[in-house]
Amino acid sequence: MSTKLSEPNQRGLALADGIVGAGHVLQEVLSGKSLTQVLEKWNGPNKPAVQSLAYDTIRFWALTQHFIEQLIPKRPTEEVEGILAVAVALLANNKMHSKNNQYPIHTIVNEAVKAAANNSKTKFAQGFMNAVLRKIIHALDEDETLVKKKTLFFPQWWLKNLRRDYPSQWELICAEQSKRPPQIIRVNQRSYTKTQYCDLLNQAKIEYRQIESIAGIATDDALEIINPLPVKDIPEFNLGKVSIQDAGAQIAVKLLAPQAGEKILDACAAPGGKTAHLLESADIDLLSLDIDPERIKKINQDLTRLNLSASRVRIVCGDASKDNWWDQKSFDKILLDLPCSASGIVRRHPDITLLRRKTDVLELQARQRAIIDNVWKMLRPGGTILLVTCSIFAQEGEEQAKWLEAQMNNALRLESPGQIIPGPMNDGFFYALFEKKNAIQRTAQNAVSI
Ligand SMILES: C[S@@+](CC[C@H](N)C(=O)[O-])C[C@H]1O[C@@H](n2cnc3c(N)ncnc32)[C@H](O)[C@@H]1O
C-alpha cells in the first residue's frame, strides 16, 4: 500500500507521486526558471503538496549537494538527482521538526524507491536509491549538526557580499534565511481592528502571536499564525478581511503615513501588497504603476478580494524611469519599492539563491537609480519619498540612499530604519525616507553655507 501525503497536503496523493512531482520542479528551477513560474504552470495532481515538497527540497539543496559530493562517486542523472533531493529534504525535516508532522524514515526510503520505480527514466536506480538513502540516514545520525549547517545553497559571490556588509552577522543571517518562513497576516483595518480579528482567531481555535513592532515601527495590523494554514482556512481571508504580508513589508505604509486626500504614487506596485495596505490605511488618491502587465493583473485581483476596487486608485502599466504615463501633476508622497535582487526574502523564495547571478546586483543598482532620478521631479516640494528594497545587500540599500542624497541637492534624509536584517517575524528590507526640501529651505541653507 502506498503512503498518502500528510498535512498540509492531505488530498490523497501518494507520497511517491509527490516526490516525483517535486523532483521535476527542482529540475526546472535548476534550468533557470523561478519556482513561481514553474508552479503557476503546474497542472499535475495536487499542486499544494508538490509545492510544499519543492520548497523544502530547494531549502535543503546544499545538503543534497554535500551528500552527492561525499557519498556518490558518479553524479546521478537529473531525474534521479531530483528524487534523491526530495528524499533528502524529507529526511532532514524528519530530523529538524516535530516528529508528529513528519514521515517516518523507513516510509521516506520506501516511497523514494517507489518513485524511482514509477518512471522509465529512473527505474534502473531503485537499488541505488535504497543504498544511498541508507548511507545518508547513517551520516545524518553520525553528525547531528549537518542539517543545520548545510541547508540553503548560497553562491560564493553572495557569501562574499554578505561577509563584506555584515562581518559579524552574516552566518546568523544565512541561518535565519534557511528556515521556513513565519506566516504573517495583515488585518484589513477598514474591516476589523487587530483585537476584533483576534476574537475570530480565538473562535476558530487558531493559535496566533501579536507582532508589536519591527525596527521600532509599530505594526498595528500584523499577526503571526503560529501553525501556517492554507489561505482558505484563515478566517474571512476570501472576504478580504486579511492578507498575507511579511511584518517587515508592513512598515512601508507606516513610514509613509498616508493622510486622507493625499496624492500618492506607488511606483513599482505589483503584485500590490503595499498598494492594498495604502488603500486600507487612508482615503488617498493613488496611482499604482508597474512595468509588468502580468503582475498588474494581480493588483486588480487583490483589490477586488479586499473590496478596495472602488477606491480612488488608478492602476497603470508603465516604466517608472520614463515620463510618458505622468500628467505633470506633482505627488505629495511616493512609495518606491524598487526592483532588486530580493536577497532579503529568500526564506519565502529559496530559489533566488540558485537563480541570481553576480552581475545582477550592479545591473539592478543602475535600474534603481534611473527610476529614482526620474520620479524625484514628480514629488512636490515638502513631499516625502520612501525608498524600499527587499534586499540585504548594501549596494541596493545604503549605497542607494547615499547616492540619492548626493545627487539631489534638495533631499533631506529623515529618520527611518535603514537596513533591517531577517529576523523571526520579518524578512530583510531596506528603508530610507527623504523629504524634498522646498525653495525657501534651500535658499536658507545656501545662505548659511556661503
Ligand atoms: C519589489 S516588487 C514590488 C512589490 C510591490 N510593491 C508589493 O508590495 O506588492 C518590484 C516591482 O517593480 C516592477 N518594476 C521593475 N522595473 C520597473 C520599472 N522600470 N517601472 C515600473 N515598475 C518596475 C516589477 O515588475 C515588480 O513588480
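Which residue is the bridge partner of L289 in β9? In this predicted model, the partner is V316. The pairing to which strands β8 and β9 contribute is parallel and extends over 5 bridges, with β8 spanning residues 285–290.

Strands β8 and β9 belong to an open sheet of 7 strands, in which the pairing is mixed and the order is β9-β8-β7-β10-β11-β13-β12. The edges of the sheet are formed by β9 (313–317) and β12 (411–420), each of which pairs on one side only. From one strand to the next, the twist averages 15°. Helix α17, comprising residues 398–407, packs on this sheet and touches β11 (379–389), β12 and β13 (429–436).

Two packed helices are described by the angle between their axes and the distance between the axes. For helix α5 (residues 78–96) and helix α6 (residues 105–117), the angle is about 170° and the axes lie 10 Å apart. Because angles over 145 degrees count as roughly antiparallel, α5 and α6 are therefore assigned a roughly antiparallel arrangement. On the α5 side, the contact is made by V80, I83, A87, L90, L91 and N94; α6 contributes I105, I108, A112, A115 and A116. Classified by residue type, the contact of α5 with α6 comprises 10 nonpolar residues and 1 polar residue, with no charged residues.

Notes: Residues are numbered from 1 along each chain as its sequence is written. This is a predicted model: local features need pLDDT of at least 70, side-chain atom pairs count only at pLDDT 80 or more; totals for chains, interfaces and linings use all residues. Axes are lines fitted to C-alpha atoms, for helices over the stretch in contact, and angles run from 0 to 180 degrees between N-to-C directions. Helices (H or I, at least four residues) and strands (E, at least two) are DSSP runs, numbered from the N terminus. Angles under 35 degrees count as roughly parallel, over 145 as roughly antiparallel, 65 to 115 as roughly perpendicular and the rest as oblique. Two residues are in contact if their C-beta atoms, placed from the backbone, lie within 7 Å. Ala, Val, Leu, Ile, Met, Phe, Trp, Tyr, Cys and Pro count as nonpolar, Asp, Glu, Lys and Arg as charged, and the others, Gly among them, as polar. Two strands pair if DSSP finds at least two bridges between them.
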